[in-house]
Amino acid sequence: MTNTNTITNESTKVDGREAIPLLTPYKMGNFSLSHRIVLAPLTRSRSYNFVPQPHAALFYSQRTTKGGFLIGEASGVSDTAQGYPNTPGIWTREQVEAWKPIVEAVHEKGGIFFCQLWHAGRVSNYEYQPNGEAAISSTNKRLRKDISNNKATADKYPPPRRLRTDEIPKLVDDFVIAAKNAMEAGFDGIEIHGGNGYLLDQFLKDKVNDRDDEYGGTLENRCRFPLQVVKAVADAIGPDKVGIRLSPFADYNDCQDSDPQTLAIHMAQSLNQLRILYCHMIEPRMVTQFHKFDTKCSLTPIRKVFKGTFIVAGGYDRSEGNEAIAGSAADLVAYGRLFLANPDLPTRFELNAHLNDPDATTFYTHHPVLGYTDYPFLQDTPTHL
């Protein structure tokens, strides 16, 4: 599944007019994208009682363009998956029905919409677990620092319970059921969340995974469960509708690996065998959620190995995104905070227009409008560059 779309100049002709690399069309498997700007999955904490709400239809439709690609916020695959308040799920009938009008709102504007499937693992506590039980993980080691500030968390996260070997097939099945539910809700495909220190990442990284069974120890063993999830989901809904997000170089949520490059390349090679649609990689520079750091590490070796669509994320601005596409470092670029604050981001990039600044204080509030659907569109702001 090799994509051959290549942009070699800062601008190119599309329909007889100049277009910057980010705004050139791209064929992603069976999906015809009108541009290379992707809405990254963004936890928004507005899904009360873990059920998607009607205001999400406005949020996603605001950020939809015809032929644009959107990845939905992380959605729990089971009642053990949640780790934060008011995040959506996709494991109950009520949740599936609630997602349907949201997906329809995106489709009405011609967008392509994937659901991100998620399990928090040990990034949880008794409050979010059935019967107040311990969260499940690859380990019983507790989380010491979280993604929000990369600092010590004291007693915020109690020790998790290490999954028994015979329990893991049930977790695989949870992802399969959630994927089928997402397709029933109308999504065009799914993205498996394999990064950011959540459950699958807890199996992948050797600084967390301390198992001595077939799911721990060697690189192949640590990758076994995540790859079983990918294969089972691909078998259930088709590999042409499946992507995965990985953050091998990051230590989000106290989850780190001693040899991230080798881990990433092994995963890329293994994913090729499963022929999934895309791999969504977080840049090595994104050591924390809000800051970029210089690093000698690069996604280039992984890009060269993986044969499907390659999506990059990690604090990109307009010029960096154009450079990544023009230099074939990526096929698509995912934008999070910039797309949050600028619902018409493709238009603003096309015009090189002024950008709204994201307000971090409202990222995870539970208000249905504030910091959610109230960012102004370009026609509402008088200042252009």
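Colleague: Is the crossing of α3 and α5 left-handed or right-handed?

Modeller: A crossing counts as left-handed if the near helix is turned anticlockwise from the far one by less than a right angle, and as right-handed if clockwise. In this predicted model, α3 and α5 cross in the right-handed sense. Their axes, for helix α3 (residues 168–185) and helix α5 (residues 219–237), come within 9 Å and cross at roughly 35°. Axes here are lines fitted to C-alpha atoms, for helices over the stretch in contact, with angles from 0 to 180 degrees between N-to-C directions. Helices (H or I, at least four residues) and strands (E, at least two) are DSSP runs, numbered from the N terminus.

Colleague: Which residues in α3 and α5 meet?

Modeller: Contact means heavy atoms within 4.5 Å. Among those on the α3 side are Leu-171, Phe-175 and Met-183, and α5 brings residues including Phe-225, Val-229 and Ala-236. By class, this contact has 13 nonpolar, one polar and one charged residues. Ala, Val, Leu, Ile, Met, Phe, Trp, Tyr, Cys and Pro count as nonpolar, Asp, Glu, Lys and Arg as charged, and the others, Gly among them, as polar.

Colleague: How many aromatic pairs does a search of the whole structure find?

Modeller: A pair of aromatic rings is described by the distance of the centres and the angle of the planes. Rings of Phe, Tyr and Trp (its six-membered ring) pair if their centres lie within 6.5 Å; planes under 30 degrees apart count as stacked, over 60 as edge-to-face and the rest as tilted. The search finds 16. One of them, Phe-113 with Phe-187, is tilted, at 4.9 Å centre to centre and 55° between the planes. Phe-113 lies in strand β8 (residues 112–118) and Phe-187 in the loop between α3 and β11 (189–193), so the pair ties together parts 74 residues apart in sequence.

Colleague: Are Phe-113 and Phe-187 buried or exposed?

Modeller: Buried means under 20% relative accessible area, exposed over 50%, partly exposed in between (1.4 Å probe, protein chains only). Both are buried. Ring pairs also link them with Phe-59, Tyr-60, Trp-99 and Tyr-372 into a cluster.

Colleague: What is the mean pLDDT of the protein?

Modeller: pLDDT is the predictor's confidence in each residue, from 0 to 100. The mean is 92, and 89% of residues reach 70 or more. Residues are numbered from 1 along each chain as its sequence is written, and side-chain values use heavy atoms, with hydrogens and water left out. Local features need pLDDT of at least 70 and side-chain atom pairs 80 or more, while totals for chains, interfaces and linings use all residues.
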